[in-house]
Amino acid sequence: MQKKLFTELGLSPEILKAVAKMGFEEASPIQSETIPTLLEGKDVVGLSQTGSGKTAAFAIPAIERVDTTLRAPQVLILCPTRELAMQVAEEVAKLALFKRGIRELPIYGGQSYDRQLRGLREGAQIIIGTPGRIMDHLERGTLKLDQIAMVILDEADRMLDMGFRDDIEKILSQARPERQTVFFSATMPPAINQLVKRYTRDPVNIRIQAQEMTVPAIDQVYYEIDRRNKLEVLCRLIDLQDIKYGIIFCGTKMMCDELADHLKARGYSSDKLHGDISQAMRERVVAKFKKRGFEFLVATDVAARGLDVDDIEVVFNYDLPQDAEDYVHRIGRTGRAGKTGRAITFVAGREIWKMQQIIRFTKGKVRREKVPSAEEVEEKRTNAFLETLRETLEKGEYKRQDAVIDQLLDGGYSATDIASALLHLLGGDKPPAPPIVEERPQREVREPRGRGDYESRPPRDYPKYEPLQTREARPEKRDTRSPASRPSRDQPAPVSHESGMIRLSFNVGHTHEMTPGDFVGVIAGVTRLPKEVIGRIEILDRAAFVDVSEDSANAVLKKLNGIKFKGRRLSVTIAR
């Protein structure tokens, strides 16, 4: 489908001025086809995915058709979620900036009725809302549809999936028959077809293929890993690729909570968005994320619907989506407006078959890559530190400390020793991240015969590793101590055997899915202490013992006691 300039679409000077102010000159394919058709007054059924520019495709004609002398609802836009309703309202406000006398009003659950009633009384012409709250106003008699000239259903398939069909039919049946009706949907299931046949008049079908608008601009890769290693791999990729701004999609609300807590504990600024968060908090989180108030938004699919944020560097599929269409919706949040983007997906176990279905659906290139090693991450961190140090030396923008250095040289220390000690204090030689230990599946999963689609799949390339020894796997040593002086076999020795270390007891263990990396992350992340203060870690079923340096013990006890981690409040004491 050929793109057109906005100046070729027959738009008013006010709209052209607003579009120019937003920085757009060329219309997207869906806009080039839809805007002239809607301006002619025809009904439209558009098939288009997230990120194609469909909001402006229906918002511009809606604004153009409003009679500014009539202070009553004239356009009704239905959205599946409050987030999408807010996004559409913001887009309408930007496009109508230079159109005097036009007022838009978002109506959705969780917002004050007083504000919505005031907006209706003041004569808002473009109403953007969710079906449930729109029905509420219709039943109260506070919203009238007798002057509605255009009804737009945005993401109609999602509204039906969420159980809004009855509400939609009631709303459409109450709007005047001679209205213009517009359906936008990512898919066209039978239920949508039935609504189209019943409530539209000779609609023009406009179809934009998903791969034409989202897939080519996005670099897609996936990593086949063990579920238990997702957090460690995520952190490695963020550090290695120096990612500063992204969305991380999880499959459940609980996973959102846990992952956001893990990231904060490891020093990454993040927040979460899911269905259990209050509306006021959701609006604050979204507003802060748009202003880059934190780096990573951890979200579920439903909560992130309609989230419109520019310049997203990468989308992480921490959990694989339920179907291929959700995958397209997710990755469509990066690589927008002609910019390149990245999508990184974690695939665990038999999910590889679902990933193959996604690849066939998108018809895009999704590469399988090997998990970066801890050494690669450490090398990248060291190189970045050295580059910063070189720049500082070349610019000379630092205060000279000749007197201090002379004192150290006079004390017999070499220049190399002094520099090494300073780098150590600055964290330039931090220890590498804990190793990723992968378990091979106990049973071989054979590919089904006769399925040529899988024959081209690259062979699994498991990283080589030395498995960590468990307590049971360690060779038995004869204990020559008296029975009374021996520690219990169920617990490690309460006192650290390392000089200068103190052993701390935690109230979480294997039962709570704790790993050594979790303890390193939460201690270093919360206390801001270097990782080298942490020594031996032993994890039991419901408890764990962690050695820390004597100088750091008080800080760990003070800052970790009482915090919530992985859904459980931590209790930390000195082991006795």
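**Note on the predicted model: sheet, salt bridges, surface and backbone**

1. In β11, serine 270 has phenylalanine 296 as its bridge partner. The two strands, β10 and β11 (residues 296-299), pair in the parallel sense over 4 bridges. Pairing requires at least two DSSP bridges between two strands. Strands (E, at least two residues) and helices (H or I, at least four) are DSSP runs, numbered from the N terminus.

2. This is a predicted model: local features need pLDDT of at least 70, side-chain atom pairs count only at pLDDT 80 or more, and totals for chains, interfaces and linings use all residues. Residues are numbered from 1 along each chain as its sequence is written, and side-chain values use heavy atoms, with hydrogens and water left out.

3. The sheet is open and has 7 strands, in the order β10-β11-β9-β12-β13-β8-β14, with parallel pairing. β10 (270-273) and β14 (366-368) are at the edges; each has a single partner strand, so one side of each lacks a neighbour in the sheet. On average, neighbouring strands are turned by 20° against each other, direction ignored.

4. Two helices on the sheet deserve a look. Helix α11 (residues 230-241) packs there and touches β8 (218-224), β9 (246-249), β11, β12 (314-317) and β13 (341-347). The direction of α11 makes about 155° with that of β13. Helix α13 (residues 279-290) also packs on the sheet, touching β9, β10 and β11, and its direction makes about 135° with that of β10. Contact here means heavy atoms within 4.5 Å. Axes are lines fitted to C-alpha atoms, for helices over the stretch in contact, and angles run from 0 to 180 degrees between N-to-C directions.

5. The structure holds 23 salt bridges, each a side-chain nitrogen of Lys or Arg within 4 Å of a carboxyl oxygen of Asp or Glu. One of them joins glutamate 90 to lysine 290, with the closest N and O atoms 3.0 Å apart. Glutamate 90 lies in helix α4 (residues 82-95) and lysine 290 in helix α13, so the pair ties together parts 200 residues apart in sequence. Lysine 290 is partly exposed at 32% relative accessibility. The class boundaries are: buried under 20% relative accessible area, exposed over 50%, partly exposed in between (1.4 Å probe, protein chains only).

6. Glutamate 351 and arginine 227 also meet in a salt bridge (3.7 Å, N to O). Glutamate 351 is in helix α15 (residues 351-362), arginine 227 in the loop between β8 and α11, and 124 residues separate them. Glutamate 351 is buried at 14%, whereas arginine 227 is exposed at 53%. Elsewhere, salt bridges with shared partners join Lys54, Asp154 and Glu155 into one network.

7. Check the backbone at two residues. Glutamate 155 has a phi near 55°, positive in a residue other than glycine. Glutamate 155 sits in the loop between β5 (150-153) and α7 (156-161) and is buried at 6% relative accessibility. Aspartate 202 has a positive phi near 45°. Its loop runs between α9 (190-199) and β7 (204-207), and aspartate 202 is exposed at 73%. Most residues other than glycine have a negative phi.

8. Glutamate 169 lies in helix α8 (residues 165-174). Glutamate 169 is buried, at 16% relative accessibility. The contacts of glutamate 169 are Leu195, Arg198 and Tyr199, not counting residues up to four places away in sequence.
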